[in-house]
Amino acid sequence: MSKQVALLRGINVGGRNKVGMAPLRELLEGFGYDEVRTHLQSGNVVFTTAEKPERAAKRIAEGVSERFGVQVPVLTRSRTDLQKIVKAHPLSGVASDPARLLVTFLSAAPKAKLVKEVDPASYTPDVFRFEGGREIYVWCPNGVHRTKLGHAFWEKRLDVTATARNWRTVEKLLEMIGE
């Protein structure tokens, strides 16, 4: 059994893709997942399962589609993954506000060549770091809603599925998954 977090992209945003957290917890409990808890209304679910994270992501996405009629990408990370993400924090010397620091979670490790093709100077004052793996850290000093480096940008440039969470949420999810 391992603790995992599922990140559902685009639910309960702007009145679209409505999914209640209690019914979402019930769905996961119906899969036999244990210790199911949600954080906020934006699709963050911590749970325990023997399934591999990739299998859990697929199962949750299919279940959400079937039960709620909403098709959204679902990415999963293990407790170990989240610990590494928080420990790495390559923008700690730059990012001063956790609400303006994003971790963009990717469905797969992108080709390094594709990441290198993104010219950081073209996106200032925003700053991003890719440390390998399946995450990109993005510092948005003017606010996350103003950045051009959102999940849609990375999906298009890197040919992956992406979803982002601010640093406060990432830290809270690590706290929840560590309990």
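Predicted model: local features only at pLDDT ≥ 70, side-chain atom pairs only at ≥ 80, totals over all residues.
The lining of the second largest pocket comprises three nonpolar, two polar and six charged residues.

- Helix α3 supplies the largest share of the lining, four residues.

**The largest pocket**

- The largest pocket holds about 660 Å³ of space.
- It is lined by 23 residues, and V13, H145, H151, A164 and R165 lie nearest its centre.
- The elements giving two or more residues to this lining are α5 (151-158) and β8 (162-166).
- Strand β8 gives the most, with four residues.
- By class, the lining of the largest pocket contains nine nonpolar, ten polar and four charged residues.

**Helix α2**

- Helix α2 covers residues 53-68, which makes 16 residues, and its span from first to last C-alpha is 22 Å, close to the 22 Å expected at 1.5 Å a residue.
- The residues P53, A56, A57, I60, G63 and V64 of α2 are buried.
- Viewed down the axis of α2, the buried residues fall within an arc of 135°, so they line one face of the helix.
- On the other side of α2, E54 and E66 are exposed.
- The cover over the buried residues of α2 includes β1 (2-8), α1 (21-30), β3 (44-49) and β4 (74-78).
- Just after α2, G69 adopts a positive phi of about 70°.

Terms used
Residues numbered from 1 in each chain as written. Heavy atoms only, no water. Expected span 1.5 Å × (residues − 1). Buried < 20%, exposed > 50% of the residue type's maximum accessible area, 1.4 Å probe, protein only. Arc of directions from axis to C-beta. Contact = heavy atoms within 4.5 Å. 1 Å grid on protein atoms, 1.4 Å probe; cavity = no way out; pocket = protein on both sides within 12 Å on 5 of 7 lines; lining within 4 Å. Points joined across faces, edges and corners; volume = space filled by probe spheres on them. Nonpolar A, V, L, I, M, F, W, Y, C, P; charged D, E, K, R; others polar.
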